[in-house]
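Hi there,

Here is the structure I promised to pass on to you. Have it open while you read, and my notes will follow below.

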Amino acid sequence: MAAAPVPELATTATACAERLLAADRVLLASHIDADGLTSAGVASTALERASIPFETVFEKQLDAESIAGIAEREYDTVLFTDFGSGQLDVIAEHESAGDFTPVIADHHQPADVDTEYHLNPLLEGINGASEMSGAGAAYVLARALAAECDGAGDNRDLAALAVVGAVGDMQAKSGALHGANAAIVADGVEAGVLEETKDLAVYGKQTRPLPKLLEYASDVRIPGITNDERGTVSFLSDLDVTCREEGNWKRWVDLTDDERQSVASALVQHAVKRGVPAFKIDRLVGTTYILREEAVGTELRDASEFSTLLNATARYERADVGLAVCLGDRGEALERARELLRNHRRNLSEGIEWVEQRGVEQEDHLQWFDAGDEIRETIVGIIAGMSMGADGVSRNRPIVAFARKNDEETKVSGRGTGALVSEGLDLSVVMKEASQNAGGDGGGHDVAAGATIPAGTEEIFIEHADRIVGEQLG
């Protein structure tokens with residue numbers, strides 16, 4: 001049996017695995033974003049391989065009401081993945097009442113309560129926002145389950161899904177995964193399911209035609225290419241590379257290694273001529289994680305595209321579709337996921353356009369907009385993040401977005417940047433404290449977090465959030 005992927009968590013992971021193996025049956029409860037879906041995919045595969053009967057439920061938000069609903073299902077053991085740590089105060093009450101025994105594999109900030117079977121990197125000094133995702137915690141548990149089961153393999157093939165979860169959770173800082181995530185990548189490479197390569201750091205290398213690949217690549221804005229269809233086509237046409245085949249544009253994956261090198265070099269030269277700073281040009285190259293068992297030219301081949309596909313299923317209440325794809329359905333579920341992704345992209349495009357037209361409000365330390373009913377509450381956070389750097393929206397201060405959840409509640413999403421986090425920004429604290437001052441609750445990560453507040457308390461929230469951000473960034 002291979003060594004534990006994250007030795008600091010090995011003892012806890014083993015204890016959690018033993019508890020699951022002792023259960024007659026398990027209820028698996030997971031979050032619904034890309035990290036939550038891959039967490040569920042990793043955990044359910046591991047439970048099945050260990051011959052543990054289980055049922056899966058998804059929750060958009062784990063709160064007192066949803067935890068009470070979980071308790072009513074009358075399972076003696078509940079496995080929480082990609083959430084649970086932050087809600088330990090409520091979960092512990094149910095545990096004390098004898099409703100169920102919780103087993104938690106999470107990476108979010110824990111509430112100030114403990115429970116026996118709690119697998120969380122933060123408890124061992126590992127950063128849960130940048131070094132291990134929820135899927136990573138589920139993977140550590142899956143490896144421990146395999147180690148406790150004779151003849152059940154080692155579950156290292158599940159490292160590929162764990163990496164998709166980490167990438168989907170925006171943990172690829174400076175273009176690559178670090179810390180415990182890197183150990184999981186190494187497992188996947190050794191198991192033959194992952195390939196780690198240096199490549200052009202743009203989204204869509206597997207599926208987008210070359211002009212769209214470059215035109216839509218907005219992380220590093222290059223004048224004459226970014227959001228410039230004519231300029232992009234002209235740039236590609238001037239290259240000594242065959243970018244078309246039988247009249248159709250090739251994709252990045254269709255090019256040879258030498259051709260890719262030529263395009264990348266020309267892109268860098270073009271950026272230099274157009275005055276793009278060197279530190280931004282460096283970001284044009286990053287680490288790409290390839291899932292070797294998936295078909296070339298599909299969304300599932302690239303961890304970044306896979307995670308986006310999963311996010312699209314989650315944002316439209318179709319976690320069942322996302323999980324089916326994670327579990328290997330390459331037929332009906334994959335087609336439905338692609339359809340949801342097309343719809344998702346359309347909605348994102350319209351949402352960003354709405355923000356650019358309406359603009360954002362500027363406070364002393366943050367910027368914000370209230371989308372009301374105009375943008376779905378499940379995607380307003382993504383749009384907030386994507387709009388940073390657009391006309392009139394600064395990348396130098398965090399952005400907060402409001403969207404109507406229902407008649408009584410407003411969804412709040414906060415997004416920052418790696419640079420702001422390095423200066424002291426922690427949006428999980430901002431969201432939690434500001435929302436509680438407004439009569440709601442929230443949390444998340446330093447760079448991205450969310451909350452729910454009573455409708456009509458938006459001004460109170462902004463007042464406190466602006467103050468807290470000011471204190472953090474000093």
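Here is a question to begin with: which residue stands opposite Val78 in strand 3? The residue is Leu27.

Before going further, please keep in mind that this is a predicted model, in which local features need pLDDT of at least 70, side-chain atom pairs count only at pLDDT 80 or more, and totals for chains, interfaces and linings use all residues. Residues are numbered from 1 along each chain as its sequence is written, and side-chain values use heavy atoms, with hydrogens and water left out.

Now the overall picture. The protein has 18 helices and 15 strands; helices (H or I, at least four residues) and strands (E, at least two) are DSSP runs, numbered from the N terminus. Its radius of gyration is 22 Å, close to the 23 Å that the globule rule gives for 474 residues, so the protein is as compact as a globular protein of that length. That radius is taken over C-alpha atoms, and the rule is 2.2 Å times the number of residues to the power 0.38. The C-alpha trace spans about 70 × 55 × 40 Å along its principal axes.

Of the 474 residues, 55% count as buried, where buried means under 20% relative accessible area, exposed over 50%, and partly exposed in between (1.4 Å probe, protein chains only). Among contacts with a separation of 6 or more, 66% come from residues 24 or more positions apart; a contact means heavy atoms within 4.5 Å.

Five strands form an open sheet in the order 2-1-3-4-5, with parallel pairing; two strands pair if DSSP finds at least two bridges between them. Its edge strands are strand 2 (54–58) and strand 5 (118–119), each of which pairs on one side only.

Strand 1 (residues 26–30) runs parallel to strand 3 and is joined to it by 5 bridges. Strand 3 also pairs with strand 4 in the parallel sense over 5 bridges, and there Val78 stands opposite Pro102. Moving on, strand 4 (residues 101–105) is joined to strand 5 by 2 bridges, again parallel, and Ala105 has Leu119 of strand 5 as its bridge partner.

Elsewhere there is an antiparallel pair to look at: strand 6 (residues 194–200) and strand 9 are paired over 7 bridges. Glu195 has Ile290 in strand 9 as its bridge partner. In strand 9 (residues 285–291), 6 of the 7 residues are buried, so this strand is largely enclosed by the rest of the structure.

Finally, have a look at helix 13 (residues 319–326), which is mostly covered, with 6 of its 8 residues buried. The buried residues are Ala319, Val321, Gly322, Leu323, Val325 and Cys326. What covers them includes helix 2 (34–49), strand 2, helix 6 (159–168), helix 12 (303–315) and helix 14 (332–358). After helix 13 comes Gly328, with a positive phi near 110°.

Enjoy exploring!

Best wishes
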